[in-house]
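Please read the following explanation with the sequence and the model side by side. It moves from confidence to the contact between the chains, and then to the packing of helices and the domains.

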Amino acid sequence: MTFWQKNLILLSSLLFFWFLCSFGFGILFSEYISFMKIGGFELGFWFSQQGSIYVFIILIFTYSYLVERLEKKEKK
Amino acid sequence: MEAQTLTYIFVGLSFALYIGIAIASRAKSTNDFYVAGKGVNPVANGMATAADWMSAASFLSMAGLIAFLGRDGSVYLMGWTGGYVLLALLLAPYLRKYGKYTVPDFIGERYYSNVARVVAVICLIFISFTYIAGQMRGVGIVFSRFLEVEIEMGVIIGMGIVFIYAVLGGMKGITYTQVAQYCVMIFAYLVPAIFLSIMLTGNPIPQLGFGDKLLNSEIYLIDKLDKTIIDLGFSPYTEYSKSLIDIFCITAALMFGTAGLPHVIVRFFTVPNMQAARRSAGYALVFIAILYTTAPAVASFARLNFIDSVQNTFYKDAPDWFKNWENIGLISWMDKNQDGKMQYSSGSPFVESRPIFSDERGNLGQRLLENEANASSSNEVYLDRDIIVLANPEIANLPIWVIALVAAGGLAAALSTAAGLLLVISSSISHDLMKQTFMPQITEKKELLYARLAAGITILLAGLLGIFPPAFVAQVVAFAFGLAASTLFPVLFMGIFSKNTTKEAAIGGMLAGLVFTFSYIVFFKFISPELNNSDYWFLGISPEGIGVIGMILNFLVMLLLTKSSKSPPESVINLVETIRRP
């Protein structure tokens, strides 16, 4: 596989989590996960007002770390 | 010392700091002026991006908006942060690798067409002007409330400050001023939030206090808030009241719009390489998240606090802040049932949308209104949402220096965003229109002069829009995001991820997205506002969310036109391969 193909796979898998945590947990299936609670928050509400933002940060740094490793291999 | 004197000192000190930084880092070349010499540290750029991104609306209005929208307010929280994932993963590193100065620069070269470049410049100017008018207005409002100067004077002072550091320093000056502005802004936002959180829940971290139990009680703050507002006839705080499809589309339009906003993208041109651009987007989101995760906490504290101190309270016992803001005209009370107590519930207290004060006072000292009482609601209290953040320090009984700090923070938020916008407008004029399209023979020195001139003229225009705001400033914000999502984002994305997308496709796609989104918003906002409800919307999508459909249309048009036009020249395919290489 070329560097670019690996990069595309990495991108799509991270964007899957991006979609899942914001549009999924925060909006579309919010009702179905609301029986779970974090402190006083129903899980769906927490994802839409706090959780998705934390996930976004983790995703960017994960991508940055993984793609830099790919890039180093590619340069060798 | 009086609050006002302190505010003058805080605001004066912060202004002196910004100008000092601008003089120390003034621009010497077009490279300095457009992209700060491409030598900005990723963490510093992250901070500058955060300041650039968080406008007067984020700082002053967002918490108030969420306090009253409840769960529906989530669209702003997710929409205005999720776009950074798209930026960091899909656009920023590749555009940085491309290595030129502006967004239209990339579009013009990748789509080998000056027509595409000029269409991009038009989209950019439209998006950025919408935004900048709101910022200048924000500057004027903070000045008039805290320093008691006229709004017009406030706008002129704001213009002067931005003029000095943007025209002198260009991107370099702006970047380092924005770092300072971020620090002022975030400190001013957190201090009242932390005190409020301690006051209500005993937990010093607002993000955790939001999900914590109330002080000396076994009840969670959220449950108490839900119960309280349901009792008063509002819809529950933790459930969506808009349809899911609309919530979905608005969130998506804000996310893709964020990723396509030129003044955000251009910030990533200032770092040394593509790795730094990615990490910088991560840092930017961390700095943004500090405010964006505090905002919903502040919103819930403020809503609960407000109801607690107002509902069924005798007017004569109302807290001082209530009367202060009533004097300014942003809170009002109409004693409909003549019991001397304030009743707060859902519905508007009067038929009109805003209070109309008479010059007289009632026997309890309240300002009397000339509005017609709304018989269908027992609500007696009017509250302007925008004061939530500004009133917080008073509601929490904080010392007056905190109030002064919040004023300086609001100004920092408005000025930093205005400066960033100004720069993308002026560089797209001097670089894309003049140097690249109409006057290619000018020297670098001349181009720098034109860039400064364009910045000066843009400030004047923005100031005029601030002083004479068109009635629709608040309404056109939907434009900026919808247009960015439906015009620039798809073209940038395809420019990187597809080698064969042609110039015909890009021009057609941008125009299709622009015309569709523009007409939909104009139709429902200006031509037939009476039809602006879900019965008439396309698939139940409001004008705020329609940018997503415009974006899909743009992609479809690009795919179709690419098939039917001649494939791009070899040099463009090489360009795409180069920017993809690490």
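Axes are lines fitted to C-alpha atoms, for helices over the stretch in contact, and angles run from 0 to 180 degrees between N-to-C directions. Two packed helices are described by the angle between their axes and the distance between the axes. Helices (H or I, at least four residues) and strands (E, at least two) are DSSP runs, numbered from the N terminus.

This is a predicted model, in which local features need pLDDT of at least 70 and side-chain atom pairs count only at pLDDT 80 or more, while totals for chains, interfaces and linings use all residues. Residues are numbered from 1 along each chain as its sequence is written, and chains are lettered from A and ligands numbered from 1 in the order in which they are written.

The model scores ipTM 0.95 and pTM 0.89. Chain B has a mean pLDDT of 84, with 98% of its residues at 70 or more; within chain B, confidence is lowest in helix H2 (residues 30-35), at a mean of 75, and highest in helix H20 (residues 547-564), at 93. Where pLDDT is low, the predicted coordinates should not be read in detail.

Turning to the two chains together, 32 residues of chain A are in contact with 36 residues of chain B, where contact means that the C-beta atoms of two residues, placed from the backbone, lie within 7 Å. On the side of chain A that touches chain B, helix H1 (3-28), strand S2 (41-42) and helix H2 (43-75) each supply at least two residues, and the largest share, 17 residues, comes from H2(A). The residues on this side of chain A divide into 18 nonpolar, nine polar and five charged; here Ala, Val, Leu, Ile, Met, Phe, Trp, Tyr, Cys and Pro count as nonpolar, Asp, Glu, Lys and Arg as charged, and the others, Gly among them, as polar.

How does H2(A) pack against H5(B), and at what angle? The two helices pack at an angle of about 5 degrees, with their axes 9 Å apart, and H2(A) and H5(B) are therefore roughly parallel to each other. Angles under 35 degrees count as roughly parallel, over 145 as roughly antiparallel, 65 to 115 as roughly perpendicular and the rest as oblique. Residues of H2(A) including Ile53(A), Phe56(A) and Tyr63(A) meet residues of H5(B), among them Leu77(B), Val85(B) and Leu89(B). By class, this contact of H2(A) with H5(B) has 11 nonpolar, six polar and no charged residues.

Within chain B, helix H5 (residues 74-98) also packs with helix H11 (residues 244-260), their axes coming within 7 Å and crossing at roughly 45 degrees. H5(B) and H11(B) are therefore oblique to each other. Here H5(B) meets H11(B) through residues including Gly79(B), Gly82(B) and Gly83(B) on H5(B), and Ile250(B), Leu254(B) and Gly257(B) on H11(B). The contact of H5(B) with H11(B) has 12 nonpolar, six polar and no charged residues.

The domain assignment of chain B, whose bounds come from an automatic or database source, gives domain 1 (3-305 + 397-469) and domain 2 (311-391). The C-alpha centres of domain 1 and domain 2 of chain B lie 33 Å apart, and their contact takes 14 residues from domain 1 and 10 residues from domain 2. On the side of domain 1 of chain B that touches domain 2, the largest share, eight residues, comes from helix H4 (residues 56-69) of chain B. By class, that side of domain 1 of chain B has 10 nonpolar, three polar and one charged residues.

Key
pLDDT = per-residue confidence, 0-100.
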